[in-house]
Amino acid sequence: MPTLVLFFLCIWMMIALQRVIPGTLLAVRMQVPATVAQPSDKQGETSTAKPRDPAQIFATTCGWCHHNGGREAGEWPQLVGTSASNGEIIYRIKMGKPVTCQPSAPLFSEEESTAPLSYIGNLKPRYSSIEMPRNFIGPCSTNE
Amino acid sequence: MRRSMMTRWQRGLESAVAVLAVAAFALSTVHSWADSDVTYERIKNADKYPGDWMTYHGSYKSWHYSPLDQISSKNVDKLRIAWTHSMPRAIRGLQSMPLAADGVLYYSGPYNQVFALDGATGEVIWYYKQNLNEDLVSKQTHSPYNRGIALGYGNVYMGTLDGKLVAIDVKTGKLTWETKLIDSNKLTVGFTGAPLLVKDKIIIGSQGGEWPYRGPIFGVDAKTGKEAWKFYTVGGNEGTKSDARKTWGNDSWRTGGGGGWMTGGYDPDTNIVWWGTANPAPLYDYSGADYKNAGARPGDNLYTTSVIGLDPETGELKAYHQELPHDAWDFDSAVGEFLMLEKAGRKYMVHPNKGGFVFVYDRMGKPQNVWRLVKNINFVQDIKPDGTLVGRRDLTEGDHKGLCPFIAGGISWNSGAYDPRTGLYYKVGNEWCMDLTVKKTTPILEPMAQLNIGATFSLVPPPDGKIRGHISARDPLTGAKKWEVEFPEPPLASLLSTGGNLLFVPDPRGWLRALDATSGKELWKHNNGQGHNGGIISYLGKDKKQYVAVETGWGGLAGDDYASLFGKPYNSFPKDAGTLVVFTLQ
């Protein structure tokens with residue numbers, strides 16, 4: 001409340017001051033957020049000119065959520081035997097799924113976005129030490 | 001003439017008053033804090049404020065213990081819901097630790113939202129939502145959750161998904177300042193862990209691990225937001241005694257991972273901030289036994305999977321211990337609280353490691369003992385009391401069966417609790433293993449950084465039976481077990497011990513239980529309707545009643561697997577709901 005009183009007092013004073021120094025514009029200093037620019041850093045860079053092997057891409061990025069190289073559901077669906085069309089698969093690779101499924105694309109080149117199709121198409125089941133139920137449709141399923 | 005002089009005098013007076021009014025108005029808008037606000041001194045003397053929970057781990061002792069005893073083992077059967085509060089857009093549930101000070105509860109959630117609520121009624125005092133780069137957030141994997149906030153200097157501090165540290169006015173919920181610390185557009189990662197107030201600095205660690213950068217930890221001026229220092233967990237800082245880039249062969253430090261994505265601790269006696277660092281990248285290496293010379297990142301890879309002691313003023317490295325040299329299994333030291341204990345006149349620091357071992361240090365980070373919380377461990381045969389690894393299981397390219405524990409860890413990132421009355425440390429341990437196929441990978445940095453895992457894998461049961469979890473009451477220094485309760489699915493939430501001889505255990509199925517802290521006997525339970533994967537605290541409301549607040553909501557890198565692994569109830573949990581549930585005595 002005292003701030004409000006001061007504010008209106010200020011406005012009245014500004015108007016009054018205009019009579020003394022016509023044309024004066026009083027700028028009231030407001031608290032503004034300070035944004036500090038990030039200092040630049042050197043970091044290593046790795047050349048990725050050649051298209052990457054899809055199996056390597058899988059082991060690099062996709063395998064955390066598509067378990068057993070895509071043969072089992074984990075956080076994301078099982079890919080072997082998928083009923084999704086090629087177009088749907090490429091779309092998911094490029095766009096992920098809003099809200100519940102973070103994509104790795106559009107981090108892939110156009111060529112790399114389609115290369116996993118042959119990898120997925122050639123996937124064969126390979127059972128781990130003890131068979132586990134794998135019939136869940138995960139949060140990033142194309143069926144949802 | 002007299003008339004014009006009086007007019008000029010009046011005009012001059014108007015000018016002077018105007019200047020004073022402007023000055024008063026400007027000063028009234030300048031951010032200020034009062035003695036009643038949370039301060040470093042208050043947190044340091046948290047014992048004198050039993051009704052508050054002012055920092056992520058409860059106090060600098062990191063006990064996750066509330067001395068309050070209105071709610072006790074004698075009357076906990078009368079515990080009922082007082083109020084609830086739901087966070088909008090709570091993708092992957094609530095994973096943070098609420099804070100409470102002077103009867104006000106503060107908590108954060110997904111997409112960097114923060115609420116201030118009346119701790120007795122749940123009424124909203126203010127709501128803050130960060131203006132995020134959502135295009136970037138949509139490309140992140142360890143996202144969009146937030147693990148917590150810090151209080152101090154009239155602010156609520158939070159790290160954002162897109163690499164900033166923000167200060168929010170604790171009374172109004174308005175942004176005070178924001179400082180960009182990480183180029184998240186390029187590095188993809190940002191912050192999810194809660195910051196820590198130490199003296200006049202806010203300490204916060206970046207995400208890292210399998211994300212190929214250098215995992216900096218920052219010290220930021222708590223008043224101005226100016227970056228004061230930065231410590232690279234990968235390779236240390238060039239030109240200083242901490243420079244350890246030579247422990248990364250082939251310049252692999254450039255994409256080494258690291259980071260410190262959970263909240264560390266602070267020892268006021270030594271004035272050292274302790275932080276657990278994350279794993280190196282690639283997560284799985286193909287070096288085999290000759291890890292010092294071969295593979296993707298030859299060498300010990302300092303200071304990943306370490307506990308590091310930093311000067312809070314300068315960020316200088318004062319001490320460290322690398323819990324897992326050349327971590328080849330993703331068993332971060334980033335998880336885990338730093339329990340500050342004293343026994344028989346000696347001071348200790350107890351820190352659990354993701355691989356399932358618990359390290360006992362002196363207050364300068366020298367290992368005194370290492371004990372096993374988890375039964376199924378074979379990534380090493382053992383770790384000696386001085387921290388030496390025995391019988392490492394380093395991996396080569398190709399298939400490997402039955403590596404234990406699973407990548408989600410024998411110990412996960414939520415906190416255990418210590419009860420000074422019982423002298424017991426209560427901690428969740430998980431029994432699960434994995435098959436994996438290790439493959440050579442190349443770090444991907446363009447157009448922006450991607451995960452560098454280095455293997456595909458699947459979860460398998462441990463050799464001794466079913467996948468399961470347990471909560472055990474242990475001597476924190478020796479690991480001697482007093483009692484243990486088993487869970488069919490590994491619990492993933494934090495625990496809370498209280499002065500009322502209670503241990504509160506939020507489980508993944510949605511049950512919140514109160515156990516007798518001495519015996520482990522179940523005294524009370526209530527189902528909150530969805531799983532728990534976050535924090536739990538106790539505090540006094542303005543009505544001087546004791547409350548217990550627990551976060552609910554399911555999802556995350558570990559929890560997202562539960563539906564396919566275990567079926568119900570996980571396959572029907574919402575993926576975007578999080579509710580704070582608050583209890584008090586009827």
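**Exercise 1.** How many helices and strands are there in chain B?

*Solution.* The model is predicted, with local features requiring pLDDT of at least 70 and side-chain atom pairs counting only at pLDDT 80 or more, while totals for chains, interfaces and linings use all residues. Residues are numbered from 1 along each chain as its sequence is written, and chains are lettered from A and ligands numbered from 1 in the order in which they are written. Taking helices (H or I, at least four residues) and strands (E, at least two) as DSSP runs numbered from the N terminus, one finds five helices and 38 strands in chain B.

**Exercise 2.** Work out which strands of chain B form the open sheet that has β1 and β35 at its edges.

*Solution.* Two strands pair if DSSP finds at least two bridges between them. On that basis five strands of chain B come in the order β1-β32-β33-β34-β35, with mixed pairing. The edge strands, β1 (65–66) and β35 (522–527) of chain B, each pair on one side only. Within the sheet, β33 (residues 502–506) and β34 (residues 511–516) of chain B run antiparallel and are joined by five bridges, Leu502(B) having Asp516(B) as its bridge partner.

**Exercise 3.** Describe the hairpin that β9(B) and β10(B) form.

*Solution.* Strands β9 (residues 164–169) and β10 (residues 175–180) of chain B pair in the antiparallel sense over five bridges, and Ile168(B) is partnered by Leu175(B). Five residues lie between the two strands, and Gly173(B) in the turn has a positive phi of about 75 degrees.
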